[in-house]
Amino acid sequence: MGNNALYVCPRCGNTDSRYFGVKNNQPYCRLCISFQGREVNNSYYVDDEETSASLTYPLSPEQAKISTRLLENFKENKSTLVHAVCGSGKTELVYQVVSYALTQGLHVGFAVPRREVAIDLFPRFISAFPKRKSVCVYGGHTDNLTGDIIILTTHQLYRYTNYFDLLILDEIDAFPFKDNRLLINLFKKSLKGSYILMSATPPDDIVNDFKKNNLPILELHTRYHRHALPEPINVIRIGYFKILYLVKKIKQYKKNKKPVLIFAPTIALAEEVYHLLRIFLKKGYFVHSKCINRKEIITDFKKHRYDYLVSTSVLERGVTIKDIQVIIYNADDSMYNKGVLIQIAGRAGRKIDAPTGDVIFLANKVSKSMKEAIHAIQLDNAYLTR
């Protein structure tokens, strides 16, 4: 390949010559070479019959206002950033614009970085749009790629070049999408129309880009049930005193029939914490990205087959469990920045019939990120009194 600096990968848009190679006199891109599999064309027909979402509860006035704005922006071909706190009902915000797009016979996608979140979202869309065909696409689950509504991981966007008339991307600051040039390019290439980005903790560069291009940013600082976000408390313990504290709290929560989700910063530490807890408390388990049966583990936890679950950041986002109590082990670890701590804290108190819950930062010391996360949550809660 004579001057591969001028070559553009047709799949991911890469132009960096360091990632190009030549095989059988044909250029190939090392960045996306692992993205192999069936791709779809635009031949899938979306019936333009009248469609409305079936909601289990009415939108709050704040939600309804943003929902209407999203529809107006889409009709004007404007992309939108939604900055909404954890548990505010971000998914429900897009139902109105999704309904409109389907009624127009347009292709609709809802993308998230992590498969656990896609799996959790899928039944919600089936329930909201029972007369429409929803499909869920993620690694190992790619037999059915077309439907009226496609819920998918960002890794699967390569299958949908110039396809989506409306593409919603939630959790834009989550691993592995955040700062991933390949996945960002795949997102852009899958677009045919406009998009909606959503997060409780949107990155500054995206916020600044929207402001620079005069694109709309919609903010929602309250949860749909109008209860305050659970404010984390700092608990300082050293060494094995942290384990003893966990044992005490888990027993307390078990007595009150409340499940406990314990976050640890690494896979090794998550397993270590579980094995130490297991000496005292048998009815628990652990989950992380290398657990091949993590879907079953999470399902069992939701069915209360475990009193506690030790997790890495794999359950940091998107997962909703009634009455969950949250403890972050080694919350002062460097991997827990402000945004991550806010997201994890947002697991608690999400249900309308269980709007409260404990969030505990269990650490050796109070870090800057811990202070920033608590302050940000306090600022959001202040909107309830305005």
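Select helix α11 and colour its buried residues, which are Ser369, Met370, Ala373, Ile374, Ala376, Ile377, Asp380 and Asn381; buried here means under 20% relative accessible area, exposed means over 50%, and partly exposed lies in between, with a 1.4 Å probe and protein chains only. The model on the screen is predicted, so local features need pLDDT of at least 70 and side-chain atom pairs count only at pLDDT 80 or more, while totals for chains, interfaces and linings use all residues. Residues are numbered from 1 along each chain as its sequence is written, and side-chain values use heavy atoms, with hydrogens and water left out.

Stay with α11 and look down its axis: the buried residues fall within an arc of 160°, so they line one face of the helix, the arc being that of the directions from the helix axis to the C-beta atoms. On the other side of α11, Lys368 and Lys371 are exposed. Helices (H or I, at least four residues) and strands (E, at least two) are DSSP runs, numbered from the N terminus. Among the elements that cover the buried residues of α11 are β10 (233-236), α10 (338-345) and β15 (359-363), where contact means heavy atoms within 4.5 Å.

Next select Asp332, which lies in the loop between β14 (325-329) and α10 and counts as buried at 12% relative accessibility. Leaving aside neighbours within four places in sequence, Asp332 is in contact with Ala363, Asn364, Lys365, Ser367 and Met370, and Met370 is one of the buried residues of α11. The C-alpha atoms of Asp332 and Val366 are separated by 6.4 Å, although these residues are 34 apart along the chain.

Move on to the largest nonpolar core, which has 57 residues, with Ile262 and Leu277 making the most contacts inside it. Such a core is a set of buried Ala, Val, Leu, Ile, Met, Phe, Trp, Tyr and Cys residues joined through side-chain atoms within 4.5 Å. Its largest share, 6 residues, comes from helix α7 (residues 241-255). Centre the view on Ile262 and, not counting residues up to four places away in sequence, you will find that it touches Leu246, Ile250, Leu277, Tyr308, Leu309, Val310, Ser311, Ile327 and Tyr329.

Now show α7 itself, where the buried residues include Leu246 and Ile250. The buried residues of α7 pack against β10, β11, α8 (267-277), β13, β14 and β15. Lys242 is also buried, and its charged end sits over the ring of Tyr329, 5.5 Å from the ring centre; this description requires NZ of Lys or CZ of Arg within 6 Å of the ring centre and within 35 degrees of the ring normal.

The next stop is the aromatic residues, for which a search of the whole structure finds 18 pairs. Rings of Phe, Tyr and Trp (its six-membered ring) pair if their centres lie within 6.5 Å, and planes under 30 degrees apart count as stacked, over 60 as edge-to-face and the rest as tilted. Select Tyr95 and Phe129, an edge-to-face pair at 5.5 Å centre to centre with 85° between the planes. Tyr95 lies in helix α3 (residues 95-103) and Phe129 in the loop between α4 (115-128) and β5 (134-137), so the pair ties together parts that are 34 residues apart in sequence. Tyr95 is buried, with a relative accessible area of 4%, and Phe129 is buried as well, at 1%.

Finish with the backbone. Most residues other than glycine have a negative phi, and most peptide bonds are trans. Select Phe175 and Pro176, which are joined by a cis peptide bond with omega of about 5°; Pro176 is in the loop between β7 (164-170) and α5 (181-190). Then go to Asn24, whose phi is positive, near 55°, and which lies in the loop between β1 (20-23) and β2 (26-29). Asn24 counts as exposed at 69% relative accessibility.
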